[in-house]
Amino acid sequence: MPAPSAAMTEVYAARRAALFERLPESCAVVLASVPEARRNNDVSHEYRQHSDVHYLTGFTEPETLVLLVKDGETRRFELVVRPRDPERETWDGRRAGVEGATRDYKADAAHATADRRKALVEAIGNKRVLVFALGEDEAMDREIIGVLNDLRARGRRGPTPPAELHHPAATLHELRLFKRPEEAEAMQRAADVSAEAHARAMKAVRPGMTERQLQGVIEGTFRTLGSERNGYQSIVASGANATILHYHENDAVIGEQDLVLIDAGAEVDYYTADITRTFPASGRFTPAQRELYDLVLKAQLASIEQCRPGVTHEQVHDASVRVLTEGMVRLGLLSGDVDALVKDGKFKRYYMHGTAHWLGMDVHDVGAYRVAGESRPLEPGFVLTVEPGLYVAEDDQEAPERFRGLGVRIEDDVLVTEGAPRVLTAACPKDPEEIEALMAQARQES
């Protein structure tokens with residue numbers, strides 16, 4: 001694997017320094033890589049490093065531990081890594097090894113996997129606080145519990161175990177929530193790749209294609225433009241499939257009168273975009289499709305406008321709920337007083353999910369949504385999705401017939417700044433007339 005550039009080495013060092021500032025005194029942090037997962041026989045699923053590990057080190061290999069120690073004036077960064085092995089490297093690829101961990105990744109010390117237990121004992125022993133994500137990986141939980149039991153068994157004869165266990169959410173995950181400039185740049189690159197892929201899908205779609213073929217257009221564009229992998233499993237849903245929120249079969253034939261909903265994002269440099277667009281397979285919205293689409297777009301724009309410092313995460317959602325509920329009453333999907341419908345949650349019949357989630361290295365990124373029991377105010381550096389939608393089941397006998405089987409969602413990625421919201425995915429068409437014009441031009445050229 002290629003070593004990080006000098007510039008990125010400094011970035012990882014700065015992130016570790018920022019984390020050390022947040023950590024309590026007499027503290028050890030233990031972060032483990034994601035275990036490799038076997039697909040079948042001798043074939044593994046594609047490997048991706050744990051986001052926490054990569055965020056602090058840039059190290060991409062499995063079977064890795066990151067050990068950070070803060071004790072008095074000591075600030076120590078250690079890695080436990082697979083040793084070099086010419087035979088295995090012939091089969092599975094190059095390894096950094098212990099030497100590369102210190103030379104290329106600037107670890108203060110590195111240990112081979114055979115010395116893993118010893119390294120853990122030395123890092124954790126005599127520390128007051130252990131920062132570890134208990135409950136995330138059962139095998140790693142057992143390993144840490146074994147180390148703690150070893151330390152307890154030594155009693156007065158050796159180092160003592162930590163008295164407190166903290167989850168990384170309070171320190172590392174809060175750090176990850178605030179995107180630094182280099183992170184915003186990576187997210188913009190992911191957004192640009194994803195926006196181009198969605199535009200190409202709009203141009204390519206034809207009734208009679210399968211959803212899987214359209215998925216190929218999206219994901220082929222991701223790879224062509226430099227994305228290492230998807231940020232998450234792509235949703236390509238036509239017709240009534242768009243009313244299924246996490247539809248993944250992607251195997252239906254696209255009909256002439258279908259709306260097509262694509263929720264797909266590329267990952268670039270370990271940061272992902274998250275875009276949803278809905279467009280007509282025919283190239284033109286029907287009147288009913290346009291009514292729902294215009295309402296969802298109006299709601300989305302209202303919520304994007306709320307993405308400013310001091311506005312709470314809940315208020316971003318509330319803006320969409322208000323616009324959608326008013327519109328559903330106007331269109332005959334709901335009846336009654338808007339305030340009462342909102343208060344009683346009646347809108348959830350057709351809009352059952354939240355409007356926004358944090359975005360970053362993970363599509364549902366880390367960071368608390370509530371602080372002291374209250375919805376969290378947005379701050380500069382936060383990145384969140386804004387994704388209202390409406391979903392009318394095809395067998396919903398209470399809905400106007402013209403809307404049955406229609407699903408619409410529009411999703412963009414928004415960076416909170418000191419001033420106006422910055423829509424990272426603004427290059428992806430969403431104005432309905434722009435979408436129709438793009439699709440018409442593509443069909444004239446084909």
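Strands S17, S20 and S21 form an open sheet in the order S17-S20-S21, with antiparallel pairing; strands here are DSSP E runs of at least two residues, helices are H or I runs of at least four, and both are numbered from the N terminus. Two strands count as paired if DSSP finds at least two bridges between them. The structure is a predicted model, in which local features need pLDDT of at least 70 and side-chain atom pairs count only at pLDDT 80 or more, while totals for chains, interfaces and linings use all residues. Residues are numbered from 1 along each chain as its sequence is written, and side-chain values use heavy atoms, with hydrogens and water left out.

- Four bridges join S17 to S20 (residues 412–415) in the antiparallel sense, and Thr385 has Asp413 in S20 as its bridge partner.

**Sheet S9-S12-S13 and helix H8**
- Another open sheet of three strands runs in the order S9-S12-S13, and its pairing is antiparallel.
- Its edge strands, each pairing on one side only, are S9 (229–230) and S13 (271–272).
- Helix H8 (residues 181–204) packs on this sheet and touches S12 and S13, its direction making about 145° with that of S12; axes are lines fitted to C-alpha atoms, for helices over the stretch in contact, and angles run from 0 to 180 degrees between N-to-C directions.
- S12 (residues 266–268) and S13 pair over two antiparallel bridges, and Glu267 is bridged to Thr272 in S13.

**Strands S10 and S11**
- From S10 (residues 235–238), Ile235 and Ala237 point one way and Val236 and Ser238 the other, and all are buried (under 20% relative accessible area; exposed is over 50% and partly exposed lies in between, with a 1.4 Å probe and protein chains only).
- S10 pairs with S11 (residues 259–264) over four bridges in the antiparallel sense, with Asp263 in S11 as the bridge partner of Ile235.

**Thr9 in helix H1**
- Thr9 belongs to helix H1 (residues 6–22) and counts as buried because its relative accessibility is 15%.
- Beyond its neighbours within four places in sequence, Thr9 contacts Pro4, Asp104 and Lys106, contact meaning heavy atoms within 4.5 Å.
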